[in-house]
Amino acid sequence: MLVGGALASAGIADAGPSIDRLERFRDLAGNRLATIQLGGAPRSAEDEREIEALVDDEVVQNLATGGLFASEGFLQDRLEGFAEAWGGAAFRVLRVGPLAVVACYLGEGGTNSVRVYGHLGGEAALLGALRREGRPALHRLPGPPGDPVEFLVAWEGASSGRGTRELRLDVVRLRGDNVTVAWSTTQAFPDGLMARTYRVRGAEVTIRYELHYPGWAPGCEGQTEGEDVYRFMGARGTLVRASRRQINEWHAGLHQFVSRVLSALASGDRTTLAQLVPDAKLRGALPGKLDRDTACDAREAGDRVSVAAVADEGRPWTLTFLRAGARWRLTAATPMLQ
């Protein structure tokens, strides 16, 4: 890291202002924010703005200096000094064409930001910022140099406690002097996205995520999940879904059949119930109404699965289903002892 006399000997302004910013950051983050986090309280928007202003000043000064000092490695090194001053913060720098992009993570308990720097009217400046909850991660997108300039931001949110977490992906575009979100996963998942994994490889983005359907229960293993593959289309500035598949699709298929049986019971549709459960003795043993219980399904040997249910009076039942080819059938219905 070049500081002080090294900067001066290179013909660059003294690093004193940068060192001053570091001390201000250490005082603000190390004292005020650390105290807030220990108390479990959310940080204020004013605190966030003060920290971001220090980051903005640091990046803009180095961009204005140019050369090595505007490089991705040098900017990352400078901001690492901020992160070392307070371990609760993390910064990631990405140079994309004429832009310097910084992901600023200040921890939980507030919003974080992605800050986009470039030149405006011939001077280094902050061009725009995105603010959201979650931890931002930056990814390059392939494309020819020039206008527009695009990159991908992954906002990794709170963990579900079952191996998935909230995820939002944004394709960010600079056209002229305007920084905008050209595409987002909120278009495909307006109710939110709980992702198990995601990966970015060149122009392809793969997301594996939870599917919530009748019979799905939080934390149970072997349930159906979705996996989408998107490809970045530079001419359009968006991600376009190239493929979609289901993992453990048998589970959603089973519960489609379970829903039909429970619906026929609830409505008293004996004709439909006879088609679904042709065994008259088994059909006659079923109570007038059953609902799914919240317990996880038990997959037994082969394609046999037990599903927990509960009757009107609260008595638990076990329904056993067997898959034959692509079809399911009910093979046993047993009330449980209480």
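Because the model is predicted, local features need pLDDT of at least 70 and side-chain atom pairs count only at pLDDT 80 or more, while totals for chains, interfaces and linings use all residues; side-chain values use heavy atoms, with hydrogens and water left out.

**The whole chain**

The protein has seven helices and 17 strands; here helices (H or I, at least four residues) and strands (E, at least two) are DSSP runs, numbered from the N terminus. The radius of gyration is 28 Å, well over the 20 Å that the globule rule gives for 338 residues, so the protein is more spread out than a compact globule. That radius is taken over C-alpha atoms, and the rule is 2.2 Å times the number of residues to the power 0.38. Along the principal axes, the C-alpha atoms fill a box of roughly 95 × 50 × 30 Å. Buried residues (under 20% relative accessible area, with exposed over 50% and partly exposed in between, using a 1.4 Å probe and protein chains only) make up 43% of the 338 residues.

Axes are lines fitted to C-alpha atoms, for helices over the stretch in contact (heavy atoms within 4.5 Å), and angles run from 0 to 180 degrees between N-to-C directions.

The pairings line up like this:

| Strand pair | Sense | Bridges |
|---|---|---|
| β1 and β2 | antiparallel | seven bridges |
| β2 and β3 | antiparallel | five bridges |
| β3 and β4 | antiparallel | nine bridges |

Arg-95 has Ala-100 of β2 as its bridge partner, and Ser-113 stands opposite Arg-131 in β4. β3 is mostly covered, with seven of its nine residues buried. Both of its hairpins feature a glycine with positive phi: Gly-107 near 95 degrees in the β2 and β3 hairpin, which has six residues between the strands, and Gly-121 near 65 degrees in the β3 and β4 hairpin, which has two.

Helix α5 (residues 249-267) reaches 28 Å from first C-alpha to last, close to the 27 Å expected at 1.5 Å a residue, where the expected span is 1.5 Å times one less than the number of residues. Its buried residues, including Trp-250 and Phe-257, pack against α6 (270-276), β13, β14, β15 (304-311), β16 (316-324) and β17 (327-335). Just after α5, Gly-268 has a positive phi of about 70 degrees.

A search of the whole structure turns up one disulfide, meaning a pair of cysteine sulfur atoms within 2.5 Å. Cys-220 and Cys-296 form it, S to S 2.0 Å. Cys-220 sits in the loop between β10 (204-210) and β11 (225-233) and Cys-296 in the loop between β13 (290-292) and β14 (298-299), so the pair ties together parts 76 residues apart in sequence. Cys-220 is buried at 14% relative accessibility, whereas Cys-296 is partly exposed at 43%.

Key:
Residues are numbered from 1 along each chain as its sequence is written. Two strands pair if DSSP finds at least two bridges between them.
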